Amino acid sequence: PEIRLRVYEAAKKLNYVPKSLKNRNSKEEPKTLAVLLDQIVNPFYSRMLEEATKQFAHTGYRLMVFFNDENAAAEKINFDLALSHKCDGIIFVPTPDGDDDMVQTLAEKTFVFRWKEGIYALVAGVVNEEYGAVHLYKTEDFRKWTYVREFFRNTCRKEVMECPNLVVFGDKVLFVHSIWDVRILRWFVGTLDEDMGFHVLNGGSVDYGDFFASQIYFDENGRVLMWGWLREDPRRGLLTDGEWAGVQAIPRVVSVNEKNELVLSRLPEFEKLRTDQETVSVNDLSGEKYFDTKSYTAELTGTVISDDVFSIKLLMDETGREYTEIVFNPREGTYYAPMESSSLLKEVDKRPLFGAFEKNEEHKVEFDILIDCSVVEIFVNKTSCMSLRVYPVLEGNRISVETKGKIQKGEISVYSIAL
């Protein structure tokens, strides 16, 4: 009895979970994915399960589905059951009142990737108890992991690193991570040496706005897609379900160009949502020009050549008191969102957001702007993005382009978007 008690105490301390009898007696290890959902009535989850079953069937995986019924206790029980079956992976939709530490363990700290013949994992953590760092581990069976080395370290103290992602592009790799304290995403393009040391060639910001906690996905066409949260915390004192009660951005196609720069573009399939189109020439434009199209959900694509600053105004009400503005400086290669007129609500965070893009001798700016009521996603010259959360209270649906100087040449198309 004393030995048994000591074994139980040791198992509890080490968080040991016994392997299920079903797997223990099987000669072959099944390839199983556990799916933990917070409710069964949500039609989105039904569709997700249907698609997941189809996709994973081609790769020999089966799904083990648990419904938590929005109950934190049931969630913990189901999570432990999934671990006891030694599932090869877990797809997890947390309950509103669930264990935050469990969510972070699954979603925010680890990323698995293949490099040459090896399987590796990036794990966000610390070094010297003061610097945020990402550590590298290696495995052969996804069960036993061996520490390899420190992969990346922050230069600033106390910054908490999250959501490490790594993508292989030939002999180069793209490394992305989030910084919790300042809520930014950083990207680095570099090479890996024989000892898995990471040598940075270039780096920058993934998004200059409210895009955060990105994750990488590889689709059946071989594309690299990036997902990310559009955070809710700019609401500040407004009534809300929390800063993570926001929405997800439109998936972005990820690549690396010959200059070792991150290239991002919105998912091409988004064009299927386009309905009406209005195309306007802005050649020799001075002053402000309004589009006939009025919409809370729209897409603007355009190319503008200008030596002078120009701006795009969105979600503008009839009186012009409330609107979201994006100001471009082609000569300097910068753009910003002033935000002071984006909402009449005093509680909203109206600090301006600033971004930069690759400038050129023509002073040409190519942009793709997505508008969805309280979300604006901006893509500029293929290498820069800025996502905005806005909270207008008036029914503003007007769109305009304005310059206090002169636009030499340009054309802008506006598409209404409908689901």
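Me: Why does Glu358 count as partly exposed?

Reply: Its relative accessibility is 30%. Buried means under 20% relative accessible area and exposed means over 50%, with partly exposed in between (1.4 Å probe, protein chains only), so Glu358 counts as partly exposed. Bear in mind that this is a predicted model, where local features need pLDDT of at least 70, side-chain atom pairs count only at pLDDT 80 or more, and totals for chains, interfaces and linings use all residues. Numbering starts from 1 along each chain as its sequence is written, and side-chain values use heavy atoms, with hydrogens and water left out.

Me: What makes Lys259 and Glu358 a salt bridge?

Reply: The closest N and O atoms are 2.5 Å apart. The term asks for a side-chain nitrogen of Lys or Arg within 4 Å of a carboxyl oxygen of Asp or Glu, so Lys259 and Glu358 qualify. Lys259 sits in the loop between strands E15 and E16, and Glu358 in the loop between E23 and E24, so the pair ties together parts that are 99 residues apart in sequence. (Strands, E, are DSSP runs of at least two residues, numbered from the N terminus.) Lys259 is partly exposed too, at 47%.

Me: How many salt bridges does a search of the whole structure find?

Reply: The search finds 19. Glu402 and Lys313 form one, with the closest N and O atoms 3.1 Å apart. Glu402 is in strand E27 and Lys313 in strand E20, so this pair ties together parts that are 89 residues apart in sequence. Glu402 counts as buried at 16%, and Lys313 is buried at 10%. There's also a network of salt bridges linking Arg266, Glu271, Arg274, Glu299 and Asp368.

Me: Why are E18 and E23 said to stand at the edges?

Reply: Six strands form an open sheet in the order E18-E27-E20-E21-E22-E23, with antiparallel pairing. E18 and E23 each have a single partner strand, so one side of each is left without a neighbour in the sheet.

Me: What makes E20 and E21 a pair?

Reply: Five bridges join E20 to E21. Two strands pair if DSSP finds at least two bridges between them, so E20 and E21 meet the criterion. The two run antiparallel, and Leu314 stands opposite Thr324 in E21.

Me: On to the rings. How many aromatic pairs does the structure hold?

Reply: It holds 14.

Me: And why is the Phe175 and Phe188 pair called stacked?

Reply: Their ring centres are 6.4 Å apart and their planes are at 25°. Rings of Phe, Tyr and Trp (its six-membered ring) pair if their centres lie within 6.5 Å; planes under 30 degrees apart count as stacked, over 60 as edge-to-face and the rest as tilted. So Phe175 and Phe188 pair, and the pair is stacked. Both are buried.

Me: What about Tyr335 and Phe357?

Reply: Here the centres are 5.9 Å apart and the planes are at 45°, so the pair is tilted. Tyr335 is buried at 1%, as is Phe357 at 8%. Ring pairs link both into a cluster with Tyr208, Phe310, Phe328 and Phe367.

Me: How do you know that the charged end of Arg274 sits over the ring of Tyr415?

Reply: It's 3.9 Å from the ring centre. The rule wants NZ of Lys or CZ of Arg within 6 Å of the ring centre and within 35 degrees of the ring normal. Arg153 lies over the face of Tyr131, at 5.7 Å from the ring centre.

Note on methods
Helix = DSSP H or I, 4+ residues; strand = E, 2+ residues; numbered from the N terminus.
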